[in-house]
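I open this notebook to record what I looked up in the structure shown below. The entries follow in the order in which I made them.

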Number of protein chains: 2
Amino acid sequence: MKASLKSALTLTALFFISACGAEKPTDSTWRKLALQNTVLLTLPHGKVVIELAPQFSPKHVAQFSQLTQQGFYDQTKFYRVIDGFVAQAGPKDGSKKDRSVPLLVMEAEWQTDKSWSYTQVQEKDLFAEKTGFKDSFAVAYQADNDDGLGKAWLTHCPGTVAMARNNEADSASSHFYFVIGQAPRYLDRIMTIFGRVVYGMQHIQAIQRTEAMQGDYAVDHRDFTKIVSMQLMSDVAKADQIHIEVENTESTAFGERLVKRRAREGDFFYKKPPPVLDVCQIPIRSRRIK
Amino acid sequence: MKASLKSALTLTALFFISACGAEKPTDSTWRKLALQNTVLLTLPHGKVVIELAPQFSPKHVAQFSQLTQQGFYDQTKFYRVIDGFVAQAGPKDGSKKDRSVPLLVMEAEWQTDKSWSYTQVQEKDLFAEKTGFKDSFAVAYQADNDDGLGKAWLTHCPGTVAMARNNEADSASSHFYFVIGQAPRYLDRIMTIFGRVVYGMQHIQAIQRTEAMQGDYAVDHRDFTKIVSMQLMSDVAKADQIHIEVENTESTAFGERLVKRRAREGDFFYKKPPPVLDVCQIPIRSRRIK
């Protein structure tokens with residue numbers, strides 16, 4: 001019984017690696033984040049680091065980085081914070097300074113061809129044909145045809161950072177949100193995700209909720225959580241920089257972790273769960289380095 | 001186009017109600033929670049209310065209620081709090097008072113027959129044949145055969161309260177956890193869920209994490225969040241009681257809400273998401289009453 005389980009796992013592992021195309025798993029388990037590609041968000045109660053995703057959403061990242069460098073977000077508030085859903089911030093202070101920020105064209109999905117590869121996690125996910133990771137970001141994939149053309153997109157998970165917008169598709173500019181609850185995957189492909197939290201997610205979870213439940217005391221807007229400062233890490237004084245490495249989701253070690261996570265072989269699992277993985281329920285590890 | 005969409009929705013709604021069996025949807029949108037069936041958890045930073053589930057896990061609820069009435073949990077700490085996963089509490093203070101608490105036999109799923117009904121949410125969910133709600137609790141269902149026999153279980157979602165255990169199935173007694181991140185559905189059927197948070201979930205999210213990431217400062221155990229007190233609401237002084245009503249998931253109004261949530265007809269959804277629902281991503285509303 002145990003032997004047959006083991007060989008089934010090996011098969012899964014092989015399938016796994018061969019199915020995911022051209023990019024060879026590397027042996028470097030960790031990937032260092034470039035300082036100009038991370039953001040330090042200082043909240044009154046703690047520090048948060050965001051990894052930006054210019055490879056997926058270049059224009060959103062460029063605009064967000066520029067606004068960050070201008071001090072645009074400093075002292076703005078999280079004005080729409082719904083428990084289990086999102087914490088949204090931006091200038092909603094009467095200054096109307098957001099009106100002068102250019103609107104962005106949606107970057108919520110992209111075309112792929114045969115050369116595109118990712119680390120596959122799950123087929124027949126509830127919301128997508130396939131899910132997986134690319135550069136430590138959760139992605140979903142859908143084939144367009146048998147010629148290897150398809151679409152891929154970053155998928156909403158807890159810790160996702162995305163740009164808010166009005167009803168029109170291309171209406172995002174500066175207001176943004178963190179996902180703080182169960183993955184709102186129905187927002188995939190219609191909102192531009194441009195980053196993810198890699199440090200201090202507990203402080204994002206502790207942001208003051210702005211909407212009280214019916215019958216409860218209203219939340220005073222003076223209690224809304226303020227952004228003390230938002231800076232590109234490369235602009236932060238050296239002594240205050242937070243250097244982060246994240247798990248390399250293209251590594252052999254990560255692939256092995258997925259296989260283990262799916263199989264749940266430990267004694268604790270006296271009855272095995274279904275051998276499936278929710279891409280948003282796989283923590284991508286970070287570590288702090290000097 | 002709009003007309004055909006509407007009739008499709010009506011069909012879905014009819015299917016919905018007829019598919020879910022004997023229990024008639026009522027017209028009462030809200031259900032008042034009995035005071036002896038709710039628990040007031042006072043944390044240093046806020047108040048939390050838990051709805052217990054004696055109809056699903058009678059022995060776990062009985063033991064938890066008894067321990068609560070004995071003041072067993074007062075001054076104990078959340079000693080295992082992992083961001084995006086769980087916040088676990090119990091006496092881990094050297095007192096060893098947990099050793100005298102009887103072990104509980106697992107109550108993680110139950111047999112159903114044709115007479116069992118629930119409000120169905122989704123077929124072919126990633127982790128289960130079917131998902132839905134019963135008495136405002138998220139449930140999953142699996143048919144055993146064509147004769148209408150099956151199994152149902154409470155499913156792990158954010159806000160779920162369940163009893164912790166050792167490796168052995170029937171080893172739970174007093175330590176318990178809240179789910180604070182993306183639903184760990186792989187714990188379904190092997191852990192006994194016995195309640196859910198109906199008020200103050202933001203305070204559960206703000207519990208001090210106990211595990212620091214690699215390379216970061218260790219968290220001092222003196223900073224771990226303490227339970228100030230845990231009481232059955234029926235034992236709380238009248239002036240301090242929190243009375244809660246929750247959405248009646250057997251109501252017509254709730255069924256209609258599900259249909260709308262699946263269809264996403266608003267202008268904001270300029271491109272429609274897949275018409276599926278994650279049972280853990282449907283907030284069950286609470287409201288506070290006098």
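**The interface of the two chains**

I looked up the buried area first: between chain B and chain A it is about 4,500 Å², and carbon and sulfur atoms give 59% of that. Buried area is the accessible area (1.4 Å probe) that two parts lose on being put together, summed over both.

I noted that this is a predicted model, in which local features need pLDDT of at least 70, side-chain atom pairs count only at pLDDT 80 or more, and totals for chains, interfaces and linings use all residues. Residues are numbered from 1 along each chain as its sequence is written, chains are lettered from A and ligands numbered from 1 in the order in which they are written, and side-chain values use heavy atoms, with hydrogens and water left out.

I then looked up contacts (heavy atoms within 4.5 Å): 55 residues of chain B touch 55 residues of chain A. I found that 100% of the interface residues of chain B are also interface residues in chain A, so the copies meet through the same surface.

**Salt bridges**

I counted four salt bridges between chain B and chain A, each a side-chain nitrogen of Lys or Arg within 4 Å of a carboxyl oxygen of Asp or Glu. One of them joins A:Lys271 to B:Glu109, with the closest N and O atoms 3.2 Å apart.

**Confidence**

I checked pLDDT, the predictor's confidence in each residue from 0 to 100. Its mean for chain A is 91, and 91% of the residues of chain A reach 70 or more. I recorded ipTM 0.90 and pTM 0.91 for the model.
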